[in-house]
Amino acid sequence: MEITREAIDDTLTLRLSGRLDTLAAEAFDKVIDQELTGVRELILDCSDLEYVASSGLRTFLKAQKRMNRQGSMVLRHVNEMVKEVLVMTGFNDLLTIEK
Amino acid sequence: MADVLCLDAVLKNLPAVMAFVDAPLAELQCSPKVKNNIELSAEEIFVNIVQYAYPSGEGTVVVERWVETAPPTLWLTFRDHGTPYDPLQHPTPDLEAKLEERPIGGLGIYLVRSLVDEVRYEYLDGQNVLTIKKHII
């Protein structure tokens, strides 16, 4: 998976491309730990995210908990495959998912 | 006859498991959705073994794969020699829990149960044996 970052003022966009499997979730987790200082709005652009495993869901959850304390978080452009997993696990109720 | 993959129970072998699981799917004209469901189930099972089966750190996983053609069906069996553990006994996570109380464990096996047509666990000859069955459509 590739994660590209774009920061404008206190808005951070992370563009997730490829497969958020358990190996990739370790890297994503690090980004969430290290790059959210001072961020008020976190945008996860999922246009090119093809796959997510439960380890990736855990990182989404961790990011959401952190952003609840310091601002907001949104997932954008989630494809059908990823959406199915989010709905199946009830994560669609915990996260803000924009069309 | 089943095809067999034997490898160390370490996370870096995840891509090898994915390749093994995927190999017969193209020929079976498997839809992207079913392919995704199979990969995700296989990943969750493999990762569970990597993370929990061998507290001492070292062990192996054997994956067996076989295909039925009428109707097209994929069977996968995962065997390890680790701590006896029946993941099907894990309680279903509370999917309606609020964010702060959301349990972290049990999501993987919950996904497996939701995504495949059949899951079976046995403890046989000192091995955890977890078998999944998925119709290919």
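Student: What makes B:Lys33 and A:Glu84 a salt bridge?

Tutor: In this predicted model, the closest N and O atoms of B:Lys33 and A:Glu84 are 2.6 Å apart. The rule asks for a side-chain nitrogen of Lys or Arg within 4 Å of a carboxyl oxygen of Asp or Glu, so the pair qualifies as a salt bridge.

Student: How many salt bridges and how many residue pairs in polar contact does the rule find across the interface of chain A and chain B?

Tutor: The rule finds two salt bridges and seven residue pairs in polar contact, with both residues at pLDDT 80 or more.

Student: Which elements give two or more residues to the side of chain A that touches chain B?

Tutor: They are α1 (22–34), β3 (41–52), α2 (54–70) and α3 (80–88) of chain A. Of these, α2(A) gives the most, with eight residues. By class, this side of chain A has eleven nonpolar, seven polar and seven charged residues.

Student: How many residues of each chain are in contact, and what area is buried between them?

Tutor: In contact are 25 residues of chain A and 28 residues of chain B. The buried area is about 2200 Å², of which carbon and sulfur atoms give 63%.

Student: At what angle do helices α2 and α3 of chain B pack?

Tutor: Helix α2 (residues 32–53) and helix α3 (residues 107–115) of chain B pack at about 145°, with their axes 9 Å apart. Their crossing is left-handed. Among the residues making the contact are B:Leu40 of α2(B) and B:Leu111 of α3(B). The contact residues divide into five nonpolar, three polar and one charged.

Notes. Residues are numbered from 1 along each chain as its sequence is written. Chains are lettered from A and ligands numbered from 1 in the order in which they are written. This is a predicted model: local features need pLDDT of at least 70, side-chain atom pairs count only at pLDDT 80 or more; totals for chains, interfaces and linings use all residues. Side-chain values use heavy atoms; hydrogens and water are left out. Axes are lines fitted to C-alpha atoms, for helices over the stretch in contact, and angles run from 0 to 180 degrees between N-to-C directions. Helices (H or I, at least four residues) and strands (E, at least two) are DSSP runs, numbered from the N terminus. A crossing is left-handed if the near helix is turned anticlockwise from the far one by less than a right angle, and right-handed if clockwise. Contact means heavy atoms within 4.5 Å. Ala, Val, Leu, Ile, Met, Phe, Trp, Tyr, Cys and Pro count as nonpolar, Asp, Glu, Lys and Arg as charged, and the others, Gly among them, as polar. Buried area is the accessible area (1.4 Å probe) that two parts lose on being put together, summed over both. A polar contact is a pair of N or O atoms within 3.5 Å; within protein, one must be able to donate a hydrogen and the other to accept it, and residues adjacent in sequence count only if both atoms are side-chain atoms.
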